Amino acid sequence: MIDTNVTSVFFLGIGGIGMSAIARYFRSRGFQVAGYDRTPSPLTEGLEQEGIIVVFDDSVESLPEKFRDKTHTLVVRTPAVPESQRQLVWFRENGFTVQKRAEVLGDITRLMQALCVAGTHGKTTTSTILAHLLYQSDINTNAFLGGISNNYGTNLLLSEESNYVVVEADEYDRSFYHLSPYMAVITSVDPDHLDIYGDAEGFREGFEHFTSLVRKGGVLLMKQGLDIKPRTAAGVKTYTYCGLKADDAPAPDFYAQNVVVKKGEIYFDFVTPLQTIANMRLGVPVWVNIENSVAAMAIAWLNGVKESELRIGLASYSGVYRRFNIHVNNDKMVYIDDYAHHPTEIHNSIESMRKLFADRRLTVVFQPHLYTRTRDFADGFAKELSLADEVILLPIYPAREEPIEGVSSQMLCEKITTECRLMSKEELIKEMRRRVKSSGKAEVVATVGAGDIDRLVPDLSRVLGRYESEGAELKSKK
């Protein structure tokens, strides 16, 4: 537990989505909060506007004086910060308490009813839908989210009257081992982070261990058909769910049926073990969100959220920043930005684009994230990206890693069977300006990836949003 002497908290990697939520939490509780990050970003700018000190120089000299007292300062780090980071070295050499983000999150949530959402993909959207369903209901909730909720403009929700907390359970570095779920969701176990787990079997074993952490009297909700064997304690109830149930498949405990797409919106019936709630409208009409919303509604329903609250909550859900955000949508151009960075996520994203915008040419701009992930899943990335009409690859975003010989965007491009080109960020903007000024069929452009590709979103939105007006102006001058 957090030492009662602590009055100040310094975050190493404060600009991370998970770290920033915890920093905001400590700030809301009256602690002095500051942190380091490598580069400024919209997240760090938001923290600074809230009164949190952020430094971008890892020298000891840049540490604010209030955070140099080891008795009253807790240091929280993310695994993305290297062991050689100068401030981290200094904190350790001088006897400061240094904890991982996951350890601190575990301490915060241990005394609450933690609703933890885990999975290779789907966990951010599912946990954000769940948080919204609970927050706007009589149940209410706290939440530490892995993305910025479009409904609330933040990744942290606080409630003085609720003892519930929604937590995105991150499998990287086995972080979710530190949690103590009252209820847990597992959305998917497609292998990832093989630099941590070694192989697919080790990855699945990590999730099996996570199931053993669910408290007695709690609930484990798993997507139907996952290749893991739960290790739940006695007294833990296990349920299954899926999106749209296949006709020849056994019925899980929770699922969707009678899915209807009309006028760009998705409606379906939500089936529970005791009732069917008909004609639910999905606030963000993305096909994969049917499955995500079933999982979220199942946990909300199990915790007493009423039918009317589920209906209003799902319809009013407005998404997560960088989860299939549609920034431009007109007769000539659709521009979508999505966080997908695993082959399965890319498949789901492209599938949704094809369903929503049939018969339009699709260009996917992908920024590979991590050399190890690109190496380990190169064939999977190539297969799924080849579903697009055209692929533009940016250089690999390294994050915490050093380059690996032979692993590059060029290597990936050579495996892709559709039209593929390599570009820098600057070249991409120029290419999109060129497209705006040329005539052609209606198209969809999507930026996809988990690195810093989101920094391009404002410029691309401005450029691609002028497709109709600039195209019309060009034609009028001919």
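## Salt bridges in a predicted model

Arginine 462 pairs with aspartate 459 in a salt bridge, with the closest N and O atoms 2.3 Å apart. A salt bridge here is a side-chain nitrogen of Lys or Arg within 4 Å of a carboxyl oxygen of Asp or Glu. This is a predicted model, in which local features need pLDDT of at least 70, side-chain atom pairs count only at pLDDT 80 or more, and totals for chains, interfaces and linings use all residues. Residues are numbered from 1 along each chain as its sequence is written, and side-chain values use heavy atoms, without hydrogens and water.

Both arginine 462 and aspartate 459 sit in helix H15 (residues 457-464), three residues apart, about one turn of the helix. Helices (H or I, at least four residues) and strands (E, at least two) are DSSP runs, numbered from the N terminus.

The structure holds 32 salt bridges. One of them joins the side chains of lysine 123 and glutamate 171 (3.2 Å, N to O). Lysine 123 lies in helix H5 (residues 123-135) and glutamate 171 in the loop between strands E9 (164-169) and E10 (183-186), so the pair ties together parts 48 residues apart in sequence.

Aspartate 138 bridges to lysine 306, the closest N and O atoms being 2.9 Å apart. This pair ties together parts that are 168 residues apart in sequence.

Accessibility classes: buried is under 20% relative accessible area, exposed over 50%, partly exposed in between (1.4 Å probe, protein chains only).

| Residue | Relative accessible area | Class |
|---|---|---|
| Lysine 123 | 9% | buried |
| Glutamate 171 | 1% | buried |
| Aspartate 138 | 65% | exposed |
| Lysine 306 | 40% | partly exposed |

A network of salt bridges links Arg361, Glu390, Glu419, Arg421, Glu431, Arg434, Arg435 and Glu443.
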